[in-house]
Amino acid sequence: YDGLVSVRRDIESYYQLFETTKKIIEPNALLIVDRTDKIFFPKYDVVVFLLDYTIFPRLKSIIGERPIYYVSALPDRDIDYINRVKLKELKLKFADQKIIDQDYRLFRLVKI
């Protein structure tokens, strides 16, 4: 998995992920990511999530000032759990799902 062919394939998929995402989101968007921060920074401001729910009260305070999206490879059950259990108490949710590629989806963080 560390060979040149594999690394090249990964880098090409990162460029494709960036280009596809860039066509969907606004230039001033803030991106919540798990491990894809290197793909989007420095073009976009990024916040690394990795299931650290303490980021959401701070993000809630800037919703409306700029668009906030979550780039995720998590399955539906995990997104549903985050929405029902973790974000609902803050009156937030991940919505407006857009499929980026076979692994990643894009959700907008919105107030409910």
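1. Basis. The model is predicted: local features require pLDDT of at least 70, side-chain atom pairs count only at pLDDT 80 or more, and totals for chains, interfaces and linings use all residues. Residues are numbered from 1 along each chain as its sequence is written, and side-chain values use heavy atoms, with hydrogens and water left out.

2. Strand S3. Five of the five residues of S3 (residues 68–72) are buried (under 20% relative accessible area, 1.4 Å probe, protein chains only). Ile68, Tyr70 and Ser72 lie on one side, Tyr69 and Val71 on the other, and both faces are covered. Strands are DSSP runs of E with at least two residues, helices runs of H or I with at least four, numbered from the N terminus.

3. Pairing. Strands pair if DSSP finds at least two bridges between them. S3 is parallel to S1, with three bridges, and Leu31 stands opposite Tyr69. With S5 (residues 105–111) the sense is antiparallel, over four bridges; here Val71 faces Leu106.

4. Thr36. This residue occupies the loop between S1 (30–33) and H2 (37–40). Thr36 counts as buried because its relative accessibility is 4%. Beyond its neighbours within four places in sequence, Thr36 contacts Leu17, Val71 and Tyr104 (heavy atoms within 4.5 Å).

5. Pocket lining. Residues lining the largest pocket include Leu17, Ile39, Ala73 and Tyr104. Helix H1 (residues 4–24) gives the most to this lining, with four residues.

Methods:
Buried < 20%, exposed > 50% of the residue type's maximum accessible area, 1.4 Å probe, protein only. 1 Å grid on protein atoms, 1.4 Å probe; cavity = no way out; pocket = protein on both sides within 12 Å on 5 of 7 lines; lining within 4 Å.
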